[in-house]
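Dear colleague,

I am passing on the structure that we spoke about, and I would be grateful if you could look it over alongside the notes below.

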Amino acid sequence: MSHKIGLACIIDDDSMYVNLIKKIIEAKNLCNNLMVFQNGKDALDYFEVILNNLDKKSIPEIIFLDLNMPVMDGWEFLENFTRIKNKLEKTITLYIVSSSINPVDVEKAKGINSVKDYLVKPVTIEDLEGIFLNQTT
Amino acid sequence: MLENELFDNVIRDINAGYWQLHTDPDKEIWSDKFYMDLGFTKKELKSNIDHFLEKLIHKDDVEVFRDNFLNYRKNSVNFKQHIKILTKSGNYKLFRCATNDELPVNIKSEVNLIFFFEIKLEPEQAITKDNFYYKETAQMTATGSWYVDFHKRKSYWDFETKRILGYPDDYIPSLKESANYYAKESRQQAADLFFNCAMAGTPFNTEIKMVTANKRIFWVRAIGKPVYNENKEIIGIRGVFQDIDDTKTKELKLHKSMDIIASQNSRLFNFAHIVSHNLRSHTSNLSLLVQLIEDIEDPEEKIGLIKEIKQISSSLNVTIEHLNEIVTIHTNKSQEKKVMRFQDTLSLVTNGISRMISMSKAKIEVDFDELDEINYIPAYLESIMLNLITNAIKYKHPDRNPIIKIKTYLEENCKYLRISDNGRGIDMKLFKDKIFGMYKTFHYNDDAVGIGLFLTKNQVESLNGKITVDSEVDKGTTFTIEF
C-alpha cells in the first residue's frame, strides 16, 4: 500500500454499526483517522466551519453516509453538501451506506453526482477493504 | 230537425254546436251542443238573432256577425269568422263560426246551418301540457327553477325550489337576504358565482351547500346562466337548484373511506418498510460482527466482540417490542369502547407523570366545557394524552416553563381534542411529512425515541380519526385530534 487514507468520515446514527466499522478499520489498518457524526446536521456544521478556514488536513477523503437519521437525514445532508463541496478544493468520495433496499432510494442516489456508489448494509470486510484500496490507487 | 240522415250522423259524430236557420225567425234552432258550450239551458235563451246580438255576442263582433248573418239568410252568402260569445259563467268564449259550405268537410244539407266550434287556445293547451311534464320532471328530480330580475330587483322561485328549501308555496324570496339561503362556508362561493354571471355573463354549474328554512344544511347543484334583453344587456339570471344531498353525502362518505383506505395502505407500506429497515440494521450489525470475530486472531479480542452480541440482541428485542406495539393497535381496535370523561383520563395521566410535571414546572390549562366525554377505547385515550403531554414537556422551550393547553370542542358534528404547548416547536418546512413517522426525532434529546407520535397516529387512525399538527419554531406546537 503506497498511500494510506488520512481521514475517513462516517455519518450514521447507529452507534453499534459505527463501533464495528471502527474496529474493522483499526484491525485492518485502513486509515489513519476516522471521524464520526451522528446525523447530517452535525456533519454539515463541521463542513461549514472547515469552509471558513480551509484546512485541507481536516477534510476527509472518503465519506460513508447513512440515509435514515434523526434531525437531518442523508438526503438533506447531500443537498447541502453538493452545494459546498466544490469550494472545499479537495476530491471527496462519498458512499451511501444504508439498510434501505427501496429501489426508489437506490435510483435517487444514483442520480446524484457526488455519490460514488450505494452500499446496502450489511457491508462486508472485503467491501470495505476494497473501497479503501481503490481510493488509494 | 235534420232531414238528411247522413248529415245528421256526421253532425252527431263531430258533436258540433250549430244554428239552424228557418224562414220563420222564431223557429230557428240551436243545437244541444251549442247550449252546452255556452253553459245555458234551452229555457234560459231565446234562440233568435236579436237576442243573440243583444245578450250573447261580444260587442266587438256584433257588426260583422250581423252583416254576415243577414247576408247568409237573405242571399245565402257563406261566411266564416271568429266570434266571442258570453257563457253562463260570465266569461266570453272564442268560437270559430262558419256556414256549412265553408266547412272543410263536404257536408251537403238542405238546410242552412251556422256552426260554432269552440276554439281552445292551442298555445295554452301546449303550455298546460308542458307544464305537466315540467312539474313531473321538477318533482321527480328535485330540481327547482328560479329567476333573478335585476330591473325589478326581485327573485322568483318555482314551487319545487320552495319545496327543496323548505319554504311555503306563498313564500316570497328575498334578494337582499339571498346570502342567507347558503351555508356560511358557501356564501363567498355563491357571491362569486352570481357576481361573475351578472357582470361577465359567465354561466355556472356547481355544487354548493344551502340552508333550508329550518336551518338544515344540504348539498345542491346550482346551475345558472345570464338572461339578455334585445340590447344584449344582462337583465337577470335564470337557473335551477337540484337537491343532490343524498348522492353528495354518499360521495363524501366514499371519499372519506377512500382516504382512510389510502392512509391505511400507506401505513401498511410504511410498516413493511419499518420492519425491513429496523430489522435489517440489527441483522447487518450482527453479520458485520460475525465477520469481525472470524477475522480476528486474538482470542481476548474475540471474547470482547462476542459480548457485543448481547447488545445487538437487546436492541433487536426493543425493536421487536415496538413493532409488536404497532401490530397490537390494529388487532386491538375491536377492544371495547367506553364513555370516558376527559377529566378522568387526564387526571390518571397527570398522576402517572406528576414528578415530570413538577420537575419541569409545567402548567396545564384545561377546558373540557364544550365536550366533556367521549366514547373511546380507554387505553388509547390515555396513551394519546400521555404521549402529547410528555412530548410537550420533553421538548419545552429552554427559556420558559411549559404551558400546556388542553381543549375539547365540537365543530360540525365532529369531536376534537386540541393540545397545544409553548415549547420549542418543530420546523414544519423540514419535518412536516416526517413528524408522525417511526423513529423520526427532531431534537437532540437523548430520550427521543421516535415512537410516540407514530403510535399516537396509529391509534387515532385505527378508530377512523385524524391527527394533525401545526407548529412554529420557538413558538410552540399544536396537535389536533379529530375523533
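The notes below take up the chain contact, then a helix pair, then some strands.

This is a predicted model, in which local features need pLDDT of at least 70 and side-chain atom pairs count only at pLDDT 80 or more, while totals for chains, interfaces and linings use all residues. Residues are numbered from 1 along each chain as its sequence is written, and chains are lettered from A and ligands numbered from 1 in the order in which they are written.

Chain B has 22 residues in contact with 17 residues of chain A (C-beta atoms, placed from the backbone, within 7 Å). On the side of chain B that touches chain A, H8(B) gives the most, with 12 residues (helices, H or I, are DSSP runs of at least four residues, and strands, E, of at least two, numbered from the N terminus).

The axes of H10(B) (residues 342–352) and H12(B) (residues 378–394) come within 9 Å and cross at roughly 55 degrees, the axes being lines fitted to C-alpha atoms over the stretch in contact, with angles from 0 to 180 degrees between N-to-C directions.

S17(B) (residues 476–482) runs antiparallel to S15(B) (residues 414–421), joined by 5 bridges, and antiparallel to S16(B) (residues 466–472), joined by 7 bridges; strands pair if DSSP finds at least two bridges between them. In the hairpin of S16(B) and S17(B), with 3 residues between the strands, Asp474(B) takes a positive phi near 75 degrees.

Best regards

How values were computed:
Contact = placed C-beta atoms within 7 Å.
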